[in-house]
Structure formats: structure tokens, C-alpha cells
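Thanks for making time, everyone. I would like to walk through one model this morning, going from a few local backbone details out to the domains and the chain contact. Please have the viewer open.

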Amino acid sequence: MMKTCFIKDQDFPVFIKNVIASENLIGPIAKQNKFVFDKLDNPEELRLDYDVTILPPKKYFFPPSQKLIEFDGEKYHDCIDPKKIILFGVHFYDIKSLDMTDYLFTEGKTDMNYMANRDAATIIGSNIQNVSERAFWGCIGREVKPKGHDGFITRLKDGSGYVYEIISHKGESLLTYGIFRDATEDEISAATRVNEEIMLECEARLPFPTDQLAERVRAEFNNEELWNELAEGCFSCGTCNTVCPTCYCFDVHDQWNLDQKSGSRNRYWDACLTSEFAKVSLGAGSSENFRSTRGERFRHRIMRKAVYLNDKLGGPACVGCGRCSTSCTADIADPARVYNKIMELEKEAEVAAQRSQNIFMPKQAMILRAHQATATERHFTLKMADGSSVHFEPGQILEVSLFGYGEIPIGYASSPTRTRTFDIVVRAVGRVSKALNKLDVGDSMFVRGPLGHGFPMEKLRSQNILIIAGGIGLCPTRSLIQYIMDRRDEFGKFTLFYGTRSPSERMFLDDLIDWHKSPDIDFFETVDTAEDSWDGNIGVITTLFEKSKLPSDTRVIICGPPVMYKFVIRELDKAGIPHDNIYVDLERRMKCGIGKCGHCQINDKYVCKDGPVFPFSEVEDLEEAL
Amino acid sequence: MGKPKVGFFDFSSCEGCQIELTNYGDADFLELLNHIEIVEFREAMSEKADHLDIACIEGSFTRESERKRLEDIRARADVVISFGACASTGGINALKNHQSDFKEYVYGKDADSPHLQSNLKALPVEAAIKVDYKVLGCPMDKYEFLNIVSSLLHGKTPYIPDYPVCVECKRRETICRFDLGDHCLGMVARAGCGAPCPADGIPCEACRGFVTNPNEDSLEKVLIDHGMPEERARTKSRMFTNTMRSDA
């Protein structure tokens, strides 16, 4: 079916006039300072620039009051009598809502009192030209796509005309009323742009990913205080329900005519916010109201819109039209405000949880393995004493301590992909590190972390990677090396440069042998000086650049002594690597690890909190950084 | 069973609700008379009946001397319907309930005349006798009255909505008075009238009284938020709900 036509702006009124002459055409028209869907008598009445109508188009299929049965004594008959209509100019959010009510009225047993009207209708959508103040269709339920309509007309921004997308035979039959031609590729893409751009207009009203919405709203079900507070100003007037395009509750009453023999059974729109909606009579004047408070009724509506029907409808039963917010006299109905409030509760809870924790309290870690890697460096494998697993990113740090000696910052030297244990390497240089280095298997140390920001894994994934590690700089980068080796498919070409002052300072000897053998990594090594027994490369680390060809889109990670950076970056500049693609792992005196004590501060940045890994472009102009 | 005998009685009121009865149009009114027999109706006849199936009482209870007359009607009637706003809620007459100088204000130098003496408060009929059903509104809604009579003829409890007028405005897609810079009491007013006033450009004054649990605090706040002076916002709903307000 999908065919797309075009009608010129000057031909459009005649098209509408012709439809009016032959069909029952319903469209948006002005009613004082608002808009309503109503029968059109002439083309000038049609207001495709409307923002939103007071009532949604459901009123044509599920009228505010509808006769279900007429009776006369013992005789009775149904009242299904659909009128053929063309509903023109329906915004996409109302198309979505009609598709939802279609589903809900046909699910299980089909309600033909609704569906017969629906079948008799042709629905033509139109693009949104003006955004209602309280609309949030740009951010809610984006996963639910509009469907069930017969055509969609988009007014092009340049005013040249309308692109008409035909979706069904009903939609196609309208072509006979106007001068249409096939739309050009340019016109079609211009129409697509119009409909894409308008979506950005109100996306900011829910500044969080809506996939968590249902779960978060559901979690507050028993938060009585919240619902009572939200509903405090509620008049129980049901306006939010009555104007809602996805509300379809009704009540049924019988009525006699004046002759007292004949009469009708009628259904009326009902509203779950009204106080008697869930009341049942128990006889003898007593009753039970299953939602007796304003808060309970308010909650029910929000649950129904954001949670209860999601499985059936594929998303929230709220299309973001904003009618409830605009119509609520007390101005408490706005679902966007409610959703935002609930999402903020989580933030508040996080803050409260953090406040309840003392940031200086470390946890005990047991030494599983200890190995003297070099004369000064000791390599530990640890596990949390309470058996908890550790979650960190390569490049993050932790504070390691011994009571009575103190605390020092150390980077993780193993990958979070590997085990429930983690490695660190302690170089015995100060009071704390010397004490730590005397520990052995079975001893404990005390740790706080992970802290700070590690390597930006999202930006490194599927890229060519070069790691340049100097001396002890191999410890934090070993975490990343292991990570990449474990998920090798997720990365491009992978190269490692490793330089030490002399062969005796080389660490992780088993790893080095493996990496030299592995086809997964191009590993180049050098030492500044060596005895004759060393048969590898001799020279500073920059000499390795001659050995490997470096694609200019490579992402580069540098970690080593400060003196190394300047020379390495000079080489990278020669290779044309942008500074945004270079990451440096900075070393500073990080006492607290949480951006408070001030020791690691460089200008406005705290290495412990904002780093220790930074994009080079972010720190190259900071005077004290390198 | 013959046609139910119905009597109409008036107390402090304008008798407009009884006049409203004649506004069905001839054909409909005559059709109604096929089903009920009017045996007392001061507006149209002078007879008095010993027994009534239905007594419709218009007007509020404003003098102690009226208690006996009300009790007499109750004793003769199987069903008592308070007929219209004055009888059902005290109506406009109850505007005097929070004032002390109403007599001087209305009658000036004649204020002390004996025939003008009344109770300090105008009260609904149910303050004196048991009332079975209420036809609300100023004037009463004749279709609601028909519905109640129809229900009684068939031995069915009449259904009278207990939701606010907003429901009915929205059903007919009336633009909210607040959206036109006006005020309205529809959010606390009991529906059943079909919301004709806002549709005609007039705010709802809650002539059918309050819903069962009106949010009076929220009403005051909304009126103030829409520019009404605080004191006026606080007292605004008195015209028809003075006996129903929390400060009654």
C-alpha cells in the first residue's frame, strides 16, 4: 500500500471542500481559545495548526453517553448504528491512543458498540505544527509507534504543500477528491524531517530514560505519604480521566422514558478519580469504598498510565498529550511532574544512602597470593573478607591501608572481567608501602574503592588501541590489557609498548611471555640500559614507534613516569593522533580519594575524583598537569 | 394499584421549582399525569388529601412554627422528596446563617414586624423531618425529578450522581471557565444537571450543593491563584452551600 503523494498548498482547500461535499468530515476547529474535533462545514474551519483538542477523538467511537440497548416492555434491541466518518488531522499521539483503545476494546470479547464506529471511520493523521504547553509526547512511550490510521498528511515547512502518505485503501480513496501527484524523494525526506524535528520540541520534560519508569513508579506503590501529597489539591472531579485519550472506563444506567414502559440502557464515561468509582453497596445503607482516599485514587490513575497496561500495550498507557495537565483546575494532574518527582525520589534515596555511609571506613581484604615482582615491588592478589565481589573499571584506583601506618592510593592491576579477586602492586617507597610489602598470604589489608574515573571503555570499544606503559605504569594498564585480551573481539588492532630502565625492573614476567607469544596483541618492549645478556631492544620508549605502524585513528593510553609524557606525545603528534584520542593516567598524591583533601588538585580538577585517567586534550593546557 | 398520589408543598422559597414542573411542555406534562395523580398543589388547586404516596416539599425550614406543618406532611406521606435547593440544602435562604443583621439589611424599619420573625438559620427540610430523596438544583432539574419519580414508580432506588460538575462539562467539551479568565465552583458542585451554565458562559455556583467530600481548601487556593481576593475566595461558595460548608 505505502504510497506517498503530494498536493500543492493552493489545491488543498479545494480538496477539503470536495471531501466535505461528499463525506462526513471531522477535523480540528477553533472553539473560543481552544480547539475541538467537530464536523467541518467549510475548509476555512479546518485548523491543522491546532496544538491539542479539549477532548481526544475517542469521543467519536466511545461517546460520552451511548445507548447500548433500547427496550419496550419485553422487546429490546441493540443500538449499534455506525456512521461513516473521516477523522482528519489527528496528531500522532492520538493515533497511538486510538490504537490502544482498539486493542483494549477488542481484547478478549470484542465490544462492537465501540468497534463498529471504529470500523466505519477513516483516520488521517497530520503533523504537529504547534506544541501544547504541557505536552510531553516527545519523551514518553517513544517505543510505541503510531499505527492503525489510514493516511498521514504533513505540511512542508516551505509552505509549498502537503505530503500525503497513504497507508490503507481507505486512505487511498481520498485521492479522488484532490489534485495529487506522486511525491518526490526530496518532498518525502522533507516531510520526514518535519516529523522528526517536532519530536525534539518537548523531549526535555522527562530528563531520564523512560525504560525505568514503570519499575520506579511501581516501587513507590506503598509510599502513602507521596500519593497523599500529590493528591492534596485533588477535587476528585475526574477531569484528568475524562479528557484522557487512553481512559475508557464507563458506568451503565437504565432509564425509563416518560411512558414508563420503554427506555434505554446507557453507558457514560466514568472516572476512577471520582470518589464513588470503586464503592460497592453492602446493603442496609452501608458500603465499602476500595479507593476511599484522594491519594489512592490518584495513585491508581498514575499506575494505570505508567505501569498496569504496559505489557499489553508495549509501553505506557500515556501518550504525552498533556490534556490532563492542561485541564486540571488544581493543576496537580501533570504526569510528567509526577514521574519526575518519583525519579527524583530515587536520587534523594541515593543521597540519603550515601550520607549514611562513612566515606573513610575501609573494608577488610585477604591476601590470597603474594609475589615479590622486583626488588621493590610486591604483587598481591586479594579477595574481600566478607566474600563480596568487586566491581570496578580498568584505570580506577583504591585506597589501601594498614592501621597504624596509613593509607595510599593504588590502581587495580587486574581486569574486572577475570575473577572475584583483584590484584595490586605495591612499590616499597614510603612508610605505608614498606609496611604493606611485609605482608604475606593469609594477612589482611584494608581497602576503600573503587574511586575516580578509569579508562573510557565506551569510547575505546571497537577502536584500534595502543597502550604505552613506562615502568610501574604497567600495573594500572595491565587491568586494561587483560580486559581487552578477555574481550578481544570487541576491539580493533591492539598494540602495547612497554619500557623499563633495566631488565631487572620488568614486572609480570609470565604475562610478558604470554603477550609476546599471543597473536592477539602486538607487543613491543624496550629497556633504557642493559647487560649483554639482554637480547631485546635497548633505548628509550620512543624508539618503539619505529617498529610499529600506527593508524591515525588509534586510541592511545599513556601511563608512566611524568618525564615520559612529553616525548611520547611528540611522537603521537607526528603520527597525527588527535589529542582527544589520547588518554593519560596521572599520578598524584591522592590522600582522601574523594575530591576533598586537596592534595591531588590540578587547577579545578581533582585527580582522584575526576581522573586519574583524563583525555589529554582536557589537561594539556593545565599548567601543573604534566 | 392506582396512580400514586402526589402532593406539592411550599415553605420559604420562590416556588420556582413548582413552576419548573410546568416547563416540560404540554405533551410531556400530560404524559406524566398518566402515571401520577396530583392531589395537592397550591399553585393550581385547593384540595387537601388524607394520604399521599409522594410528598414533594419545596422551600427551606426557617421558622419553628413550620416544624408542625412538616411533621403533618410526613405523617401523611409514604415518601418525602425535598424539592429543589431550598428544601434540600437550605438554598439561598441560608445566606443569612452567618449574618446577624440580615433583617435590618433587608427590611429596614420594618425589621421588627411580627410576620417577619424567623429562626436565625434557614435549614433544609431534613433538619425537621426524615427526607427520603432530594431533587437538587435552583431551580430543581425537571428531568432529574422525572427520573426519581420513574424510579419510585418501578420500586427502584433513584440514582443521583455524587461527582462534580466538571465531569459533565468535560463530557460536553465545554471550555473551562478558568481557561477563560473566569472562576467556577464546578469542582466541588454536585453534578446531575448536565452542566448547562458553563456551556452558556456562566460559572457554576453549586446550586445543587456540594459533592459528598468537597475539597474546600483546594477550592480556596484555586480561586486565589486565579486572582480572587482571599476573603471572597474563602466565602465564595456560601450562596448555595452555606449549610454544607465546614464552617456551617
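This is a predicted model: local features need pLDDT of at least 70, side-chain atom pairs count only at pLDDT 80 or more; totals for chains, interfaces and linings use all residues.

B:Pro139 sits in the loop that runs between strand S5 (133-135) and H6 of chain B, where helices (H or I, at least four residues) and strands (E, at least two) are DSSP runs numbered from the N terminus. Residues are numbered from 1 along each chain as its sequence is written, while chains are lettered from A and ligands numbered from 1 in the order in which they are written.

As for confidence, pLDDT is the predictor's confidence in each residue, from 0 to 100; chain B has a mean of 92, and 98% of its residues reach 70 or more. The model scores ipTM 0.93 and pTM 0.72.

Chain A also has a cis peptide bond, joining A:Gly611 and A:Pro612 with omega about 10°, and A:Pro612 is placed in the loop between helix H18 (607-610) and strand S29 (613-615) of chain A.

Staying with backbone geometry, A:Ser236, in the loop between H7 and H8 of chain A, has a positive phi near 55° although it is not glycine. Is A:Ser236 buried or exposed? A residue is buried if 20 or more other C-beta atoms, placed from the backbone, lie within 10 Å of its own, exposed if 12 or fewer, and partly exposed in between; A:Ser236 is buried, because 29 other C-beta atoms lie within 10 Å. A:Asp331, in the loop between helix H11 (323-327) and H12 of chain A, likewise has a positive phi near 55°, but A:Asp331 is partly exposed, with 15 other C-beta atoms within 10 Å.

Turning to helix H9 (residues 294-308) of chain A, there is a kink of about 30° centred on A:Ile302, the bend being the angle between axes fitted to the seven residues ending at a residue and the seven starting there. Among the buried residues of H9(A) are A:Phe298, A:Ile302 and A:Ala306. Their cover includes helix H6 (213-219) and helix H12 (335-355) of chain A.

At the level of domains, whose bounds come from an automatic or database domain assignment, chain B has domain 1 (5-153) and domain 2 (165-241), with C-alpha centres 25 Å apart. Their contact takes 11 residues from domain 1 of chain B and 10 residues from domain 2 of chain B, two residues being in contact if their C-beta atoms, placed from the backbone, lie within 7 Å. Helix H4 (residues 85-89) of chain B gives the most to the domain 1 side, with three residues.

Finally, how many residues does each chain give to the contact between chain A and chain B? Chain B contributes 31 residues and chain A contributes 31 residues.
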